[in-house]
Protein chains: 2
Amino acid sequence: MTHRAHNSQKRTRIQERNEKRILDAALKVFSSYGFRGSTIDQIAKMAEMSKPNLLYYFAGKEEIYIAVLERTLDEWLEPLTMLNPDGEPAEEIWSYIERKLNLSRTAPAASRLFANEMLQGAPRIQQILTGELKPLVDEKCAVIQKWIDAGKLNPVDPVHLVYMIWAATQHYADFEAQIDTLSPGPREQRFANASETLKAVFLNGLLPRS
Amino acid sequence: MTHRAHNSQKRTRIQERNEKRILDAALKVFSSYGFRGSTIDQIAKMAEMSKPNLLYYFAGKEEIYIAVLERTLDEWLEPLTMLNPDGEPAEEIWSYIERKLNLSRTAPAASRLFANEMLQGAPRIQQILTGELKPLVDEKCAVIQKWIDAGKLNPVDPVHLVYMIWAATQHYADFEAQIDTLSPGPREQRFANASETLKAVFLNGLLPRS
DNA sequence: TAAAATCCTGACCAATCGGTCAAGATAAAC
DNA sequence: GTTTATCTTGACCGATTGGTCAGGATTTTA
């Protein structure tokens, strides 16, 4: 039988464990160096595994990369899916920002992985962008637009508001090296300060002055 | 004589032209693929020059990279240096944001170059961060803090405000591939919409409600 | 125009790259 | 316990990598 990974069902315990180790290692490597800058040897070494053994579970570099992207994607999209159309606008927006910032704190590698892919022009994720992300964004932007039309939020272009939230939150994951240098101190404290600042600017910026 | 580039003075016209061609090409390549993901051959090809000839002007890959970083740095820092302590806070902040957004529009490769470097942990730029950027940021944050103390701006952590401005503006350069997919249309129009949104959120977010 | 400096190139090199393969080690099933 | 399927590895392959070098082409200088 072909011994390819992802054999739909019937996964051995060893298979389970090793594929996880590989994907964990691959996330670290790919998120730092991007697809082109990463090597299979690097991933194998980080996974504490020989290169041929790693290639026993995944057919090639690209397959590992895609697998990592897909495994990370859901986690990455979840905050936006949770935006509740029936909630209070200010609270919904803020808890969305909080969730995203929290993700930058707890899963910075995931953010960097996507950032690297985008920097290279998103060649291997374009279909995901158009197929999954775009409908989701369109849907949520319509919600935000309704809030605006109802006078609950200041009139801004919803999609650019979303960009702004993404940018401001993911920045703490993607540019951690820079931030570390410019504002040293305990990591948790930094994120607390970031949260305060984002809250002040976004909520004041979006809520109408009545 | 050693025929190394950067021979301080005495630069031939050919030298001038070729070094420029190399650095222009290197910026494009490095900004897309990062240091590790880029190859000298790639740069040479883009500069329309043989690899040995390219290496006649620069001693190696790393030297090209550093040269590109340094040439790009000033342009990248300029908007912040122009923040005028004696100006009107709202206007100064906004024109800073405008300058940064403008840079994302006209020089996206420069932004991506730094983004790539940060994603990899800023190994080759750490000294620049602490030596040049940090003092500048500290200085301008003090200015912002004074504005806050004078009641001209809402109380926020200045350095996190700066991060937020960086993030929101550079996002349009670094994630252009994503943005292109999610909000198609003329590039100029997108930047105009971005500008509107940033203006609304930042100014409303920062100016006290009196 | 001839000498000298600069510029440019094809051929080459060791190291690393992604990936293969045959064969041995280990675990599972009977 | 032995057969069978799964797992693991060292050795290897062609392609690409960063970089060198001897020598030829071109430009500058005197």
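## The interface between the chains

Chain B and chain A bury about 5100 Å² between them, with carbon and sulfur atoms giving 65% of that area; buried area is the accessible area (1.4 Å probe) that two parts lose on being put together, summed over both. The model is a predicted one, in which local features need pLDDT of at least 70 and side-chain atom pairs count only at pLDDT 80 or more, while totals for chains, interfaces and linings use all residues. Residues are numbered from 1 along each chain as its sequence is written, chains are lettered from A and ligands numbered from 1 in the order in which they are written, and side-chain values use heavy atoms, with hydrogens and water left out.

On the chain B side, 59 residues are in contact (heavy atoms within 4.5 Å) with 59 residues of chain A. B:L119, B:L182 and B:R209 supply 15% of the area that chain B buries against chain A, more than any other three residues.

## Two domains in chain A

Now to chain A itself, where domain 1 covers 13-64 and domain 2 covers 72-206; these bounds come from an automatic or database domain assignment. Their C-alpha centres are 29 Å apart, and the contact takes 9 residues from domain 1 of chain A and 8 residues from domain 2 of chain A.

Together the two domains of chain A bury about 670 Å², 57% of it on carbon and sulfur atoms. Within domain 1 of chain A, the residues that lose the most area to domain 2 are A:L27, A:S31 and A:F35, which together make up 61% of what that side buries.

## Helix α8 and its partners

Helices here are DSSP runs (H or I, at least four residues), numbered from the N terminus. The axes of α7(A) (residues 126-149) and α8(A) (residues 158-174) come within 8 Å and cross at roughly 110°; axes are lines fitted to C-alpha atoms over the stretch in contact, and angles run from 0 to 180 degrees between N-to-C directions. That makes α7(A) roughly perpendicular to α8(A) (65 to 115 degrees). Residues of α7(A) including A:L133, A:V137 and A:I144 meet residues of α8(A), among them A:V159, A:V162 and A:W166.

With α10(A) (residues 187-206), α8(A) packs at an angle of about 170°, the axes being 11 Å apart. This makes α8(A) roughly antiparallel to α10(A) (over 145 degrees). The contact includes A:M164, A:I165 and A:Y172 of α8(A) and A:F191, A:L198 and A:F202 of α10(A).

How values were computed: Helix = DSSP H or I, 4+ residues; strand = E, 2+ residues; numbered from the N terminus. Parallel < 35°, antiparallel > 145°, perpendicular 65-115°, else oblique.
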